[in-house]
Amino acid sequence: MPSRRPLIAGNWKMNGSESFVRAFCGAIARAQIPAGVSVLLLPPAGYLAQAVQVLGDCGVECGAQNVHAAPSGAYTGELAAEMVKDLGGRWLMVGHSERREYCAESDELVAEKFQAALRAGLHPILCVGETLAQRQDGNAERVVGAQVHAVADLVGASAFASATLAYEPVWAIGTGQTATPDEAQAMHAFVRAQLAQIAPDQAPVMRILYGGSMNADNARGLLAQPDIDGGLVGGASLEVAQFLEIVRMGADLVSG
Ligand code: PEP
């Protein structure tokens, strides 16, 4: 089986403060991050530079939760991918379900943001996932497949080389209701099969993270699945001890 280095990413959403960033990132910088696992923090953009500075050279990277698709211009209140890079970010999450829902982001707009990440030299994390109604109607695979293919249609297969996928069932985000390891694995295998159609060489080595109420109690079972290569952690990433526990579980996958 191809080896995919596990990645544990913390999505802080719209949470944090100057003192929170100092304490959290300071604790991460002092922690012994086990070898074999990558760790990423996605703070609110206003704290990105501070987080990068406090983390220093500890090996934990940062990114942004969203950008505008344009490189610059008259878009008051927006942030460009190039600015994320300028602030020290290396990653950019696109297509989070909260943005798809609250900001009416279409599959096509998400694809444009993915392209903006590539243009700026950032690693995109493409979030995909179905709502509860879509799952209950038997449309989960159709929805998730369309979300993946919309990006491939715009940017082309080669663009997936530096990308990470995150499967986040909308019904599991922030609800405390996690997909079971079997449910998550089934959809991850489906996503990898879609990637294999798009980019056959890259599909076996691309990471697909699981997100949706992952915490220290359920992470081990999810991370043990063959097509789950890490976690995109929301609520539980705001508690440094719990986040580090999940990071260690990711590392155990490699060493165990
Ligand atoms: C997320 O915001 O990507 C997420 C998975 O949130 P939570 O872990 O809180 O469900």
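# Notebook: helices, loops and a few distances

**Helix H1.** I began with H1, where Val21, Phe24, Cys25, Gly26, Ala27 and Ile28 are buried (under 20% relative accessible area, with exposed meaning over 50% and partly exposed in between, 1.4 Å probe, protein chains only). Helices here are DSSP runs of H or I with at least four residues, strands are runs of E with at least two, and both are numbered from the N terminus. I noted that the model is predicted, that local features need pLDDT of at least 70 and side-chain atom pairs pLDDT 80 or more, while totals for chains, interfaces and linings use all residues. Residues are numbered from 1 along each chain as its sequence is written, and side-chain values use heavy atoms, with hydrogens and water left out.

I then checked the length of H1. Its 13 residues reach 18 Å from the first C-alpha to the last, close to the 18 Å expected at 1.5 Å a residue (the expected span is 1.5 Å times one less than the number of residues).

I looked up Lys13 in the loop between strand S1 (7-11) and H1. Its phi is near 55°, a positive value in a residue other than glycine. Most residues other than glycine have a negative phi.

**Helix H2.** In H2 (residues 48-55) I found Leu48, Gln50, Ala51 and Leu55 buried. Seen down the axis of H2, these buried residues fall within an arc of 165°, so they line one face of the helix (the arc is that of the directions from the helix axis to the C-beta atoms). An α-helix has 3.6 residues a turn, so residues three or four places apart point the same way. I listed what the buried residues of H2 pack against: helix H1 (18-30), strand S2 (38-42), strand S3 (61-64) and H3 (contact means heavy atoms within 4.5 Å). Just after H2, Gly56 takes a positive phi of about 55°.

**The loop between H4 and H5.** Ala104 is in this loop. It has a positive phi of about 50° although it is not a glycine, and it is exposed, with a relative accessible area of 63%. I also looked at Ser106, which is placed in the loop between H4 and H5. Ser106 is partly exposed at 32% relative accessible area. From Ser106 to Gln147 I have 41 residues in sequence and 9.0 Å in space, C-alpha to C-alpha.

**Helix H5.** I repeated the length check on H5 (residues 107-119): its 13 residues should span 18 Å at 1.5 Å a residue, and the end C-alpha atoms are 18 Å apart, which agrees. The buried residues of H5 are Val110, Ala111, Lys113, Phe114, Ala116 and Ala117. They pack against helix H3 (81-86), strand S4 (91-94), helix H4 (97-102), strand S5 (123-128) and H7. Just after H5, Gly121 takes a positive phi of about 80°.

I gave Lys113 in H5 its own entry. Lys113 is buried, with a relative accessible area of 5%. Not counting residues up to four places away in sequence, Lys113 touches Asn66, Val67, Ala69, Leu92, Val94, Arg99 and Glu105.

**H7 against H8.** The axes of H7 (residues 140-155) and H8 (residues 181-198) come within 10 Å and cross at roughly 35° (axes are lines fitted to C-alpha atoms, for helices over the stretch in contact, and angles run from 0 to 180 degrees between N-to-C directions). From H7, Ala140, Glu141, Val144, Gly145, Val148, His149 and Ala152 meet Met187, Phe190, Val191, Gln194, Leu195, Gln197 and Ile198 of H8. By class, this contact has 9 nonpolar, 4 polar and 1 charged residues (Ala, Val, Leu, Ile, Met, Phe, Trp, Tyr, Cys and Pro count as nonpolar, Asp, Glu, Lys and Arg as charged, and the others, Gly among them, as polar).

Thr180 is in the loop between strand S6 (164-167) and H8. At 39% relative accessibility, Thr180 counts as partly exposed. Its C-alpha atom is separated by 34 Å from that of Tyr47, 133 residues apart along the chain.

Asp227 is in the loop between H9 and strand S8 (230-233). I have it as buried, at 13% relative accessibility. Leaving aside neighbours within four places in sequence, Asp227 is in contact with Arg4, Gln185, His188, Ala189, Arg192 and Ile208.
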